[in-house]
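Hi,

Here is the structure I promised to pass on to you. Please have a look at it first, and then read my notes below.

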Amino acid sequence: MSVHIHQAVCPLDCPDACSLKVTVRDGKMISVTGDPNHPVTRGAICNKVRHMPQRVHHPQRVLTPLRRTGAKGQGHFQPISWDDAYDEIVHHFHSVIEKYGAEAILPYSFYGNMGELNAEGMDRRFFHRLGASRLDRTICSVAGSAGYKATMGDSIGTDPEDTVNAKLMVVWGANLASTNMHQLLYANQARKNGATIVHIDVHRNRTGQWADWFIPIRPGTDGALALGLMHVLFAENLVQRDFLRLYTTGFEELEHFVQSAYPVAKVAAITGVPEQDIVQLARMYGTTHPSLIRIGNGLQHHDNGGMTVRTISCIPALTGAWLHKGGGAIKGNSGYARLNHSALERPDLMPHPLPRTLSMNQLGDALLSSASPPVKALFVYNSNPAIVAPDILKVRSGLQREDLFTVVHDLFVTDTARYADLVLPATSSFENLDLYTSYWHLYLNLQEPILPPQGEAKSNFTLFKELAAHMGFADAAFQVTEEDMIREALLTNNPYLQGITYEKLEEQGWLKLQVPPFPEILKQGLLTPSSKIELFSSTLQSIGLSPLPEYCPLPVRNPSSESAENALEGSVQSSDVKSKQVESNVEESEDGRFPLWFISSVNHHFLNSTFGNVESLQVPEQQPTLTMHVDDATVRGIHNHVNVRVWNQRGEIQLRAQVGNDVLPGVVVTQGLWWDDTSSGMQAVNQLTSQRLADMGGGATFFSTRVEVAPCP
Ligand SMILES: Nc1nc2c(c(=O)[nH]1)N[C@H]1C(S)=C(S)[C@@H](COP(=O)(O)OP(=O)(O)OC[C@H]3O[C@@H](n4cnc5c(=O)[nH]c(N)nc54)[C@H](O)[C@@H]3O)O[C@H]1N2
Ligand SMILES: Nc1nc2c(c(=O)[nH]1)N[C@H]1C(S)=C(S)[C@@H](COP(=O)(O)OP(=O)(O)OC[C@H]3O[C@@H](n4cnc5c(=O)[nH]c(N)nc54)[C@H](O)[C@@H]3O)O[C@H]1N2
Ligand code: SF4
Ligand SMILES: [Mo]
């Protein structure tokens, strides 16, 4: 019997990017714990990843290539060899290219594995060389990133390790207790030293229960709250004018704007946050240092997500919060660890003119439309679009097309793979070499293989390298090893990566980026056009958006609350945003048939849809629920724990009602991207969400969804 404890890294799409200690006995993963020596992980990991052995050695793991034998969607397959699988792919790709051109082939991927080589490395080289359609990978955080960049120039913010020093932490549209546990651990430490934790959210979830002060807010109105806070900060002279003069653009315009347009009473009417709470929070924020705002995905999965995050990210500048160690904001820190992506992805391999780009948020339309050329072949990896993409009934009817050739590379026959012509077995991240960065903390991690490939599984790297050979691509880009590619990725002039070498990573497992304190970064200049924090953004102005932070109401026209909606009309909007919202109105409003906001966020024990098939994690989640306010339940005759139908113009699902006051009236919340339950088949929440794109970056608008709810007959 051989037992080894290996150094590893969590590969999941989670800000914490934990360093792990993995016990392997006789080639099998036995247990996973947090690395006690990693400065951020500090020995703690989430319950999900403690169950990683159940995922890696799950009895249903795909271990050979599979060919479909039944109808699409049924999930009947038979094993075939890799040679046959490659031959079939090459044959189909060639005939699609001959008839329609390479743009008729669409790769579809996201970050099921965050490894640089396996998420955005060899796959990119392959599809670039092929000349396939490009995919706009916008399902997660682009809207907010675009908004944040308008203010701050890049995805850079406070070093999480410094946040233990915060005396005030505003957790805004983030469910830290489930989605960023080490930020919560820092907050707990800060709280012991006297910090106050405020949570602004539409749902009193685990994070709201843990915070010192939970502030419920109406969905999509956070931009107005931010402007109201700025109003009070200026009005009560809680701003740092020296900082504003030195490091920002446009503070005088902003002051004038919020003073006239966002009085506290108006903000209270929009947001549902009482006037005295707005004033109290602003005073607390204006007088407490260091103060941190943790900006979450809840804000940016809305039609107005870009501008909301843009607006909130202006607040720390008003009080000079950036000058205090542990103060400022964290939306995402991926800008610090930027690797040499053109070396990794090789966009130079693409043909000219460049192939078209399709949005991953509009997969349903892409598959069903009469676009020219039509999508004739789809290659899915690192993603499960039949569950996670918006408007999945459209996605699924696209996947059902008999003339579509679909390949899915995954560890499991997911709900997407059930529609595939070929399913290819993927290794887990523990079976390959790869490099990992975090979009929150400032460490790089190297993963060396600690398990043999299970069955005939291949990594994304190996799959696309071998497929290139089968396609006859002789380019040097496909002749490299994993180690070569990691070395190429590290060769960059990014100053924060100085001194980080492959050898040192191999020796130590992880290394910290060389990021100076934020005041230094401010002195050196940001990546905005003015090098300053842009309260007034000429970049936004040039693309027809409001140059000042702004509140743009969500698109809804609901006759039963006409007066409340009219109250929002006063806000200034750019004409582009307005016309976009008028279009969307037609889709969402349905004349008041769908009076409730439907928020479908992620849950505690799954990672998006990953782990949805692990029984030991299904058990604590129990079943998909719908949290609703007692008033909304009463008028509909809904009692606690009964099954309810939830529907809109796009689809209908069933959930179990959880009645109480954890949400405001008019809002319902469900958590978790559950796999289809074959017995009821009714849980997949993205039946109800829309393919509409957000105001910036083409982001997804999962949370700007309207529904009606009724008891099940
Ligand atoms: N356990 C677990 N952890 C995860 C994931 C997972 O699936 N499970 N997913 C990972 C991924 S890919 C991501 S992107 C992150 C996401 O993690 P977070 O940034 O925490 O984002 P969400 O959980 O999507 O939503 C955050 C919160 O926003 C709230 N919300 C929704 N709409 C609004 C609004 O209009 N205003 C306000 N103020 N709040 C609103 C929701 O109720 C929710 O509590 O988590 C990562 N970590
Ligand atoms: N309604 C609603 N929808 C949402 C969200 C929401 O909050 N609400 N959140 C959205 C967000 S923020 C995100 S990021 C997306 C996430 O959407 P996805 O990125 O699709 O995430 P997962 O559902 O975890 O699916 C990842 C898949 O990759 C597979 N995988 C893991 N490792 C590998 C590998 O090495 N190779 C290959 N080939 N496959 C691998 C996993 O088994 C899994 O099936 O979902 C979005 N969808
Ligand atoms: S999912 Fe997140 S918290 Fe859990 S081990 Fe992975 S990185 Fe850490
Ligand atoms: Mo995400």
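Predicted model: local features only at pLDDT ≥ 70, side-chain atom pairs only at ≥ 80, totals over all residues.

The largest cavity holds about 50 Å³ of space. If you want to select its lining, pick Val170, Trp172, Leu229, Leu233, Leu281, Tyr285, Ile293 and Ile315. By class, that lining has eight nonpolar residues, with no polar and no charged ones. Three elements each supply at least two residues of the lining: strand S8 (168-172), helix H10 (222-235) and helix H14 (275-287).

The second largest cavity comes to about 40 Å³. Cys10, Pro11, Leu12, Cys14, Ala17, Met114, Tyr436, Thr437 and Tyr439 line this second cavity. Here the classes divide into eight nonpolar residues, one polar and none charged.

Now to the ligand, which I expect you will want to look at next.

There are 31 residues around ligand 1, and those that come nearest are Asp201, Asn205, Asp222, Phe606 and Asn608. Sorted by class, the shell has 13 nonpolar, 14 polar and four charged residues. Domain 3 (149-330) and domain 4 (589-711) each give at least three residues to the shell around ligand 1.

- Asparagine 175: a polar backbone atom is 2.7 Å from an oxygen atom of ligand 1.
- Glycine 220: a backbone N or O atom lies 2.8 Å from an oxygen atom of ligand 1.
- Glycine 173: a polar backbone atom is 3.3 Å from an oxygen atom of ligand 1.

How much of the ligand's accessible area does the protein cover? On its own, ligand 1 has 910 Å² of accessible area, and the protein covers 96% of that.

As for secondary structure, helix H7 (176-179), strand S9 (196-201) and helix H15 (297-300) are the elements that give two or more residues to the shell around ligand 1. The largest share, three residues, comes from H15.

Happy to talk any of this through once you have opened the file.

Best wishes

Conventions: Residues numbered from 1 in each chain as written. Chains lettered and ligands numbered in written order. Heavy atoms only, no water. Near = heavy atom within 4 Å. Polar contact = N/O pair within 3.5 Å; in protein donor to acceptor, adjacent residues only side chain to side chain. Areas by Shrake-Rupley, 256 points an atom, 1.4 Å probe, with all protein chains shown as cover. Helix = DSSP H or I, 4+ residues; strand = E, 2+ residues; numbered from the N terminus. Nonpolar A, V, L, I, M, F, W, Y, C, P; charged D, E, K, R; others polar. Domains from an automatic or database assignment. 1 Å grid on protein atoms, 1.4 Å probe; cavity = no way out; pocket = protein on both sides within 12 Å on 5 of 7 lines; lining within 4 Å. Points joined across faces, edges and corners; volume = space filled by probe spheres on them.
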